[in-house]
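Work through the two exercises below with the coordinates loaded. Each task is followed by a stepwise solution.

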Amino acid sequence: MTKRKPVFIEKIFPIKLLNEQVYYENGGNPFKGLHRWYSRKPLSFSRASVLGSILPADVSMEEFEYLLGLEKREYRNKETKLYKTPPSPDRIKQVHALCEGMWGTATPTVLDAFAGGGSIPFEAARYGLNVLASDLNPVAVVTMKAAIEFPLRFGPDLQQDIDKWVKWVGDEAEKRLAEFFPSEPNETVQNYLWAHTVICPSCESVVPLSPNWWLSKTTNYAGKGQARKITSDWYAVRPIPNLEQKRVDFELVKGKKGKETTIVTEDGQEFDPDEFITIARGVGKCPNCGNVIGDDVIKMQVKSGQLDHQLYAVAYKQGKEILKFRNPHDKDLQGWKLARSTIIKKYADLQSHTIFPSETIVNDHGQILNYCRTWSDIFNHRQLLTLANYVEIINAAKELMKKEYEIERVEAIVTYLTLVLDRCVDVNCRLAHVNTMGPKIEGASGQHSLNLIWNYPEVNGANRLWRWCADKVITDYPKLCEILNINLNFSGTLNVEQYIPKLIQISLASSDSLAHIDNKSLDVIVTDPPYYGTIPYSDLSDFFYVWQKRTLGDIFPNLFWAELTDKDREAVANPSRFRGMGGSPEELANQDYEAKMALAFAEYYRVLRDDGVMTVQFNHKDSGAWDVLAKSLIDAGFEITASWAVSTENPQNLHQAQKNSVSSTVLLVCRKRDPDAGSAWWEDLRPEVANLVEERAPKFEEADINGIDLYLSTFGPALNVFSRHYPILNSSGEEVRPEEAFTEARKAVANYRFRKLAHIDTAGFDPLTIWYLLAWDAFRAREFPFDDARQLALAIGGFNISELKGAMKLLEVKSGTCRLLTPAQRAQKRAFSTNPDDFTLTSLVDALHATIAIYQEEQTIEPVRRFLRATALINNDLFMRAWEVTLKVIPLIRDSKKRIPEEQALADLWLAMDEIKAKVIYVQQELDLGTVQQSLF
């Protein structure tokens, strides 16, 4: 076996720092803004993953943080945002020097064959490494070319050409489309608000369907921590029944904000638009006769072609004034009718010229197939006419460009024009919706499913849609060049730093067939594979693919040769592909995914050099998925040397410590296993796993790894012991799965944490109390995934997880999430008695909750004192120790409105009762972002 040098990520990882950096990355990232991709990992996290995998283990933590882009600790600015900060030439030079000693080359080759949105190759490119990035999805490949390859090749001066042709397309679009978007004098129409309509089976009225009739609830930012200010009128429409003419009319309503979500009009009347909804949960209601229109009736009308559209409001501006609304005029409807007749006349022509997206939708994620059969169906006629004209104009521009530029530059410019087109498609379809708090339009791609929206916006396609979307997309190009550290020198010529990689290869390839890469040729693999069926990438990206094909198909024929994206070879558990094949579609889909992942890891093993490193990013809520992933890696010939958990999708309300539903991404660091390593017995390895985990846990804590991240990080040492040999057998000679190592690691961490918290072992403490204390210690939140609760219960033992919800009444469980009940809620469910004569000490947590419930009910300490004396809890050392530990593990929040009631009650009693203060040591500590832990076992 080739001697291998340890890398930094095998020793330690800056988890707390990355948790903070990821939090900064929620907005303003030009890399994300260029084009929508699903579950794109943060750049700061990807940068650390790459650097940690290529740098030697003897780099110190402070040096690693410096190479990431932060200043030395004594000079560090806490506001530094890594994703915006390109590594300086000095840092890159140091990285290259360290790589030379580590890999024998200053620029080792990094591969990601599940590159997706491109975060990993982007960060590798920023350090001048050789980059191989591939994906099976053409939309992902185009996105990476635009975000990485073209900025590196052409630099910021390409912006002038992009701006030139963006303007040309916009000017041509306005000439062609002006007649379809007429405006009244002295105004410019911005958006049209449409509602889908059906025919009422009872009174035959045309019924516009909408779950709300709001137009705008504008508020403005008022400063950090301040309530938003309301500085303009709120707008809505009121449906007016018109049974005589079998239709529904609309009246514009505007005024100041009233109580909660109402509008106070000029005459002092309050209007609540939510009282006039005409559809909820797929069931409609006719305003004219009150008849309920069932979901089956609506779908039947859809199939028969009766679903139509009604314009109920128009948003416009006069000069530079704020957005206003009005009722539709005849001129608005004339433009719509003209567009409708035009698109019907041109239907065959558009289809014959392949401009019209007539491909069949195969996506069944969401309810889209109930209402739309082809990709053209997701637009109304004028939206479709607008987008088809954009395609024609881009293709005409392409031919003009070919006369002016070399073909590589044409490819780049047309790609950016296509990204603008994609943004237009996203916000100008029947799947978009209006966020009335802006008001702003939210695109169809904002969710991981495609759903028809009953009331949807249409943007003025003549003079607003293209320019608005171009401003959103193309303004990110110079920012991309900036964070890639590409600039213009004083003479105006391109000054690309010498560290720009000589090789950055972005290609369309399946991860299970990397024929373009030689055996044992790669130094490092950093990869972010799909997570079972979490995101149906190909189904969703068809939304963009069918339009990209119409402008980029001749430029990148190898990307767009197929009618739709490849779903058969995609490593995603998609049950829709297995319906009607016998057996459970979900089980067949999971088996297919697992087989494809096994093939992908086998290819990774083939192309990685013997002393190379592979770092796998993985995020899944089901602990069984971790078992499958680890088993796939081990079967492919890898051993796992470390694991780290980083919160990669932070919510804005972490500080409330009420909900821990955000998933961490866990990094599994892998090496090729010694081919001479034989099998081993699990009974021999089990104590080694436990001992190593307890040995490493304190070291992880020294590096600010706490809570649930501590459990996840110890999986690395556990798997390191487990994966050194193959296979691992039990006493019956049966192969043992990695889950056994996870279980042993959880047990070891649970025992270690409890001893550290209570300063004694678990003897005398009941399992329910141990679980309760360790749950707060791990999750730092009242709500967390149920599978995590189950795994913690298994680690502790002594009870069944179902008892927490049943007999013990400690949890409520819903949709895979569990929530710790408050003492008051448990008292109401009679989980315990607050009457000292009836109280039975079955668990210490019941005693604590009874004490808290009495205090909260009586709001004085005397009833608490009587209860503690009568039950002898005042002299129970274990009870006092449980009180002390509870105050340690429940987060303290200074905001009184958000403070956790259990912590507040126990702290109040500690302050007020000397007999408690004498026995309970309490040091108040405030919760901050770095202590909130994420994810799951």
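The model is predicted, with local features needing pLDDT of at least 70 and side-chain atom pairs pLDDT 80 or more, while totals for chains, interfaces and linings use all residues. Residues are numbered from 1 along each chain as its sequence is written, and side-chain values use heavy atoms, without hydrogens and water.

**Exercise 1.** Determine in which order the three strands of the open sheet lie, and what crosses them.

Step 1. Helices (H or I, at least four residues) and strands (E, at least two) are DSSP runs, numbered from the N terminus; two strands pair if DSSP finds at least two bridges between them.

Step 2. S27 and S29 (residues 817–820) run antiparallel and are joined by three bridges. Within S29, Thr-817 is opposite Pro-785.

Step 3. The order is S27-S29-S28, with antiparallel pairing. S27 (783–785) and S28 (811–814) are the edge strands, each pairing on one side only.

Step 4. Helix H23 (residues 786–796) lies across S27, S28 and S29, at about 80° to S27 (axes are fitted to C-alpha atoms, for helices over the stretch in contact, heavy atoms within 4.5 Å; angles run from 0 to 180 degrees between N-to-C directions).

**Exercise 2.** State how many cavities of 30 Å³ or more there are, and which helices supply the lining of the largest cavity.

Step 1. On a 1 Å grid over the protein atoms alone, a cavity is a set of points where a 1.4 Å probe fits but cannot get out; lining residues have an atom within 4 Å of a point.

Step 2. The count is three.

Step 3. Helices H6 (119–126), H15 (537–552) and H16 (585–607) each supply at least two lining residues of the largest cavity.

Methods. On a 1 Å grid over the protein atoms alone, a cavity is a set of points where a 1.4 Å probe fits but cannot get out, and a pocket is an open set with protein on both sides within 12 Å along at least five of seven lines; lining residues have an atom within 4 Å of a point. Grid points are joined across faces, edges and corners, and a volume is the space filled by probe spheres set on the points.
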